[in-house]
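Here's a quick tour of one protein chain for anyone about to open it in a viewer. Have a look at the overall outline before reading on.

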Amino acid sequence: VIPTAIFGYIRFYIEQRDLMIVIVFIFMIISHMLLKSTEYINKKIAFTAIIIILAVSSYSQLTFADSLIKEKKDSYIQVRQAAEWLKENSNPNDKIITYSTVQTTYYTDRYTTSVSSEDEILLQKARYFVISLYEQHRDWYIEFPEKHQNLLKPVRIYAVNDQQSLIIFEFNKDVQNN
């Protein structure tokens, strides 16, 4: 209870992953209660009850996991499509600035990085700059292309339901070479 309360106090909400710390102790308590209950109940009945409980809970978890996987399988499809486009339209030594670094690196096999300041963007000498709705961006990151229209031009836009979800910008050759 204490770790769960601490995480709830720090973030004002509790996530399922916070319970992983506590789950070992919950299993210990449940197993102790089950072992004690076998002293009062026939062992065959207790074993059958445990198997039934495990089967029912396993089935519900598997159906929930299956529906969740099917629902989420295309959630980052624009990031994948953009990364595949970047791979086709870039050289192996080109750099890409994006906050979807893991996905973009996987699909492009290119040097992919994120940045922590506006000054760092120019220091990277990247070829592409990506903004997407799938990652949380700082305000300065989103405003960078608008502020520096002379440095960047949009080359590819992906949309979901007529709303822009991902934009790929290309730096001018001068920025890449300097």
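This is a predicted model: local features need pLDDT of at least 70, side-chain atom pairs count only at pLDDT 80 or more; totals for chains, interfaces and linings use all residues.

The chain is built from eight helices and five strands. Reading from the N terminus, the order is α-α-α-α-β-α-β-α-β-α-β-β-α.

How does the radius of gyration sit against that of a compact globule of 178 residues? The chain has 25 Å, while such a globule would be near 16 Å.

| Property of the chain | Value |
|---|---|
| Buried residues | 29% of the 178 residues |
| Contacts joining residues at least 24 apart, among those at least 6 apart in sequence | 51% |
| Accessible surface | about 13,000 Å² |
| Carbon and sulfur share of that surface | 59% |

As for charge, there are 19 positive and 20 negative side chains, and the centres of these two sets are 8 Å apart.

Now for the inside. In soluble globular proteins, nonpolar side chains tend to be buried together. In this chain, the largest nonpolar core holds 14 residues, and Ile97, Ile121, Phe129, Tyr141, Leu152 and Phe171 have the most contacts within it. Strand β3 (128–132), helix α7 (139–147) and strand β5 (163–171) each contribute at least two residues to this core. A separate core of eleven residues lies apart from it, including Val79, Trp85, Leu166 and Ile168.

Definitions and conventions:
Residues are numbered from 1 along each chain as its sequence is written. Side-chain values use heavy atoms; hydrogens and water are left out. Helices (H or I, at least four residues) and strands (E, at least two) are DSSP runs, numbered from the N terminus. The radius of gyration is taken over C-alpha atoms; the globule rule is 2.2 Å times the number of residues to the power 0.38. Buried means under 20% relative accessible area, exposed over 50%, partly exposed in between (1.4 Å probe, protein chains only). Contact means heavy atoms within 4.5 Å. Accessible areas come from the Shrake-Rupley method with a 1.4 Å probe; for residues, only the protein chains shown count as cover. Lys and Arg count as positive and Asp and Glu as negative; His and the chain ends are not counted. The place of a charge is taken as NZ of Lys, CZ of Arg, CG of Asp or CD of Glu. A nonpolar core is a set of buried Ala, Val, Leu, Ile, Met, Phe, Trp, Tyr and Cys residues joined through side-chain atoms within 4.5 Å.
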